[in-house]
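User: Hello! I am new to this structure and would like to learn how to read it. Could you walk me through some features?

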Amino acid sequence: MMPSYSPSVASVATAAPVAAAAPAAVAAPAGAGDQTAQMGGVVSAILVKEGQSVAEGDRIVELEAMKMKVPVMATRGGQVAKIRVAVGDAVETGQVLLTIA
C-alpha cells in the first residue's frame, strides 16, 4: 500500500503577482502621403531623395527579409517631402518609410 500524498502548505509555491506591462507606444496612423512598409524587414536601398518628384508606381525603397528583396512602390505621385528611414534600419509592417507631398 502506497502512502497518499497531500502537499503541505510549505511545499506549494505561491506565484508572485505579475506586474502589468506598460502599454506599448502607439505609432501615429499613417497620413495620406505616408508610404509604409508592406512587410517587416531591413531597408536595403532608398531609391529616391528628398525633393525628388515621383509618380504612382515608382520604386521608392527596397526592403530585404530572409535574403529576399522586395520593392516598395509609391502609392501616389508627388514630391518626396521627408525620408524617415535609413539603409540598414529594421522596419515593421505599417511603419512609415517616407512621405510624399
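Predicted model: local features only at pLDDT ≥ 70, side-chain atom pairs only at ≥ 80, totals over all residues.

User: In what order do the four strands of the open sheet lie?

Analyst: The order is β1-β8-β6-β3, with antiparallel pairing. At the edges are β1 (34–36) and β3 (53–54), each pairing on one side only.

User: And which strands does β2 pair with?

Analyst: β2 (residues 41–46) pairs with β7 (residues 90–91) over two antiparallel bridges; V42 has A90 as its bridge partner there. β2 is also joined to β4 (residues 59–65) by four bridges, again antiparallel, and in β4 the partner of I46 is V61.

User: How do I read a nonpolar core, and which residues of the largest one touch the most other members?

Analyst: In soluble globular proteins, nonpolar side chains tend to be buried together. A nonpolar core is a set of buried Ala, Val, Leu, Ile, Met, Phe, Trp, Tyr and Cys residues joined through side-chain atoms within 4.5 Å; buried means under 20% relative accessible area, with a 1.4 Å probe and protein chains only. The largest core here has 19 residues, and V54, I60, V61, L63, V91, L97 and L98 touch the most other members. At least two core residues come from each of β4, β5 (68–73), β6 (78–83) and β8, with β4 giving the most, four residues.

User: What does V91 touch?

Analyst: Contact means heavy atoms within 4.5 Å. Leaving out residues up to four places away in sequence, V91 touches A37, M39, G40, G41, V43, L63, V85 and L97.

User: Is T99 buried or exposed?

Analyst: T99, found in β8, counts as buried because its relative accessibility is 13%. Its side chain makes a polar contact of 2.7 Å with the side chain of D34. Such a contact is a pair of N or O atoms within 3.5 Å; within protein, one must be able to donate a hydrogen and the other to accept it, and residues adjacent in sequence count only if both atoms are side-chain atoms.

Terms used: Residues numbered from 1 in each chain as written. Heavy atoms only, no water. Pairing = 2+ DSSP bridges. Buried < 20%, exposed > 50% of the residue type's maximum accessible area, 1.4 Å probe, protein only.
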